[in-house]
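The paragraphs below go through a predicted model.

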Amino acid sequence: MMNRGMRGSNGGLTGSKFGKGGRAKASATQEETDQFLEEQNNAHLKELGSMVKDLKGVVVDIGDTVDEQSKFLETLQNSMRGATRAVKGTIGRIDDVMKSGGSKHLCILIAFSLFVLVGLYYLIKSKS
């Protein structure tokens, strides 16, 4: 148990085993510890700042990619709408031909369609 007479009014040691320069040595050690901790904090803050900067770059890149893909999907959707309209128009015309009883026109239309499809197939096959 510590002797009450060795404590000052502020609760610190007032002499005893540190000798005359004991407080100066203790405060110098405390200052060195504080400085060391401050340097570590600064190093960690720099590292954290670097990580945040890198993360921000990744987020910006992701945002750019999302914007590009959204534009691509919008273009694809517009193309599909156009193709849908074209197919519906073609089916409507085929229905008109069927209703008019022109089987000769229907045969010509089917032959032409097959010719175009076969031609496209060979064109695509020869390019790849």
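Accessible areas here come from the Shrake-Rupley method with a 1.4 Å probe. On that basis the accessible surface of the protein comes to about 11700 Å², and carbon and sulfur atoms account for 63% of that area. Of the 128 residues in the protein, 2% are buried. The secondary structure consists of two helices and zero strands.

Helix H2 covers residues 103-127. With its 25 residues, H2 reaches 36 Å from its first C-alpha to its last, close to the 36 Å expected at 1.5 Å a residue.

A nonpolar patch on the surface is formed by Ile110, Phe112, Leu114, Phe115, Val116, Leu117, Leu120, Leu123 and Ile124. Together these residues have about 910 Å² of accessible area. One of them, Ile110, lies in H2. Is Ile110 buried, exposed or partly exposed? Its relative accessible area is 45%, and since buried means under 20% and exposed over 50%, Ile110 counts as partly exposed.

The aromatic rings come next. A pair of such rings is described by the distance of the centres and the angle of the planes. The count of aromatic pairs comes to one. The ring centres of Tyr121 and Tyr122 lie 5.4 Å apart and their planes are at 70°, so this pair is edge-to-face; the cut-off for that class is over 60 degrees. Tyr122 has 52% relative accessibility and therefore counts as exposed.

Methods
Residues numbered from 1 in each chain as written. Predicted model: local features only at pLDDT ≥ 70, side-chain atom pairs only at ≥ 80, totals over all residues. Heavy atoms only, no water. Helix = DSSP H or I, 4+ residues; strand = E, 2+ residues; numbered from the N terminus. Buried < 20%, exposed > 50% of the residue type's maximum accessible area, 1.4 Å probe, protein only. Patch = residues over 30% accessible without salt bridge, like charges linked within 9 Å, V, L, I, M, F, W, Y side chains within 5 Å. Salt bridge = Lys/Arg side-chain N within 4 Å of Asp/Glu carboxyl O. Expected span 1.5 Å × (residues − 1). Phe/Tyr/Trp six-rings, centres within 6.5 Å; stacked < 30°, edge-to-face > 60°.
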